[in-house]
Amino acid sequence: MKFHGLILDINGTLVNNHQLLGGALKLFAFLKESKTPYVLLSNDSTMTPVEWENVFSDLGLYVASDNILTSSVITAEFFDKNISKDKRIYLIGGYALESALTKKGYNITQNENYDVVLMGSDKKIDYKKISDGAIYINNGAKFFATNLDRIILSAGEVVPGNGALAKVLETATSVKPINIGKPSKFALDFAISKLKIHASEILILGDNPETDIAGASASGIKSVLLRTGLSNYISATVKPDYIFNNLTEFIANIHK
Ligand SMILES: [Mg+2]
């Protein structure tokens with residue numbers, strides 16, 4: 001396997017339930033020793049990069065928040081380039097998403113009507129939020145999602161992801177959301193630009209065929225599917241370049 005940079009998924013790849021998966025410490029030791037540039041790219045929109053940095057630090061790993069790209073961060077970058085600051089944004093999502101947008105200069109306030117409906121994971125989502133979102137979309141608001149993951153793992157159980165809930169709004173409005181997170185080209189290109197090396201020299205490591213592997217394939221990046229996390233619940237429609245049982249097995253094959 002030849003690569004000069006890595007894009008790493010977080011949940012199901014490096015951690016499960018905020019606990020490191022086997023091989024994670026070894027992987028980061030390799031990255032440090034070989035001076036291989038890397039970024040973490042996660043569709044999870046619920047935590048800020050600094051919160052992730054703290055989680056990793058508690059687990060004995062130093063990962064600079066600047067190297068942690070969540071779908072909230074990616075969404076804020078996308079909005080910065082595509083949505084003018086005066087647009088009224090109806091936000092379904094948590095604090096991490098709001099803070100990423102606020103950092104870019106967006107003012108999230110209550111309005112009568114909205115130009116944009118943005119949907120990220122929201123643990124307090126309810127019928128009223130979904131209904132209001134539907135009304136604004138039906139009134140012409142553009143519909144974006146931080147990610148469209150159908151399922152996620154929570155405490156080892158498969159539960160609905162943001163994509164499953166966005167489907168409710170899509171069904172009610174007949175408007176498909178524009179997905180900003182993986183596997184979108186925007187998300188992958190942004191991660192590539194952070195690494196400052198050519199896509200052909202990068203490897204993406206992930207557990208979700210629909211986001212990690214599909215995104216890599218669309219952006220011309222070689223991919224590794226780990227048989228951890230969600231890989232056992234989602235069948236691969238896009239073929240990864242490599243498949244390993246876990247990080248330990250990946251590390252053992254790096255120089256082969
Ligand atoms: Mg994952």
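1. L40 stands opposite I68 in strand 5. Strand 4 (residues 38–42) and strand 5 pair in the parallel sense over three bridges; two strands count as paired if DSSP finds at least two bridges between them. Strands (E, at least two residues) and helices (H or I, at least four) are DSSP runs, numbered from the N terminus.

2. A note on the source: this is a predicted model, in which local features need pLDDT of at least 70 and side-chain atom pairs count only at pLDDT 80 or more, while totals for chains, interfaces and linings use all residues. Residues are numbered from 1 along each chain as its sequence is written.

3. The sheet is open and has six strands, in the order 5-4-1-12-13-14, with parallel pairing. Strand 5 (68–70) and strand 14 (242–244) are at the edges with a single partner strand each, so one side of each has no neighbour in the sheet. On average, neighbouring strands of this sheet are turned by 20° against each other, direction ignored.

4. Two helices pack on this sheet. Helix 3 (residues 71–82) touches strand 4 and strand 5, and its direction makes about 75° with that of strand 5. Helix 7 (residues 185–195) touches strand 1 (5–8), strand 4, strand 5 and strand 12 (202–206); its direction makes about 160° with that of strand 4. Axes are lines fitted to C-alpha atoms, for helices over the stretch in contact, and angles run from 0 to 180 degrees between N-to-C directions. Residues are in contact if their C-beta atoms, placed from the backbone, lie within 7 Å.

5. The axes of helix 5 (residues 127–138) and helix 6 (residues 162–173) come within 10 Å and cross at roughly 45°. That makes helix 5 oblique to helix 6 (under 35 degrees is roughly parallel, over 145 roughly antiparallel, 65 to 115 roughly perpendicular, the rest oblique). On the helix 5 side the contact is made by I130, G133, A134, I137 and N138, and on the helix 6 side by V168, L169, A172 and T173.

6. For the chain as a whole, there are nine helices and 14 strands. The radius of gyration is 18 Å, close to the 18 Å that the globule rule gives for 256 residues, so the chain is as compact as a globular protein of that length. The radius is taken over C-alpha atoms, and the rule is 2.2 Å times the number of residues to the power 0.38. The C-alpha atoms fill a box of roughly 60 × 35 × 35 Å, taken along the principal axes.

7. Among contacts between residues at least 6 apart in sequence, 69% join residues at least 24 apart.
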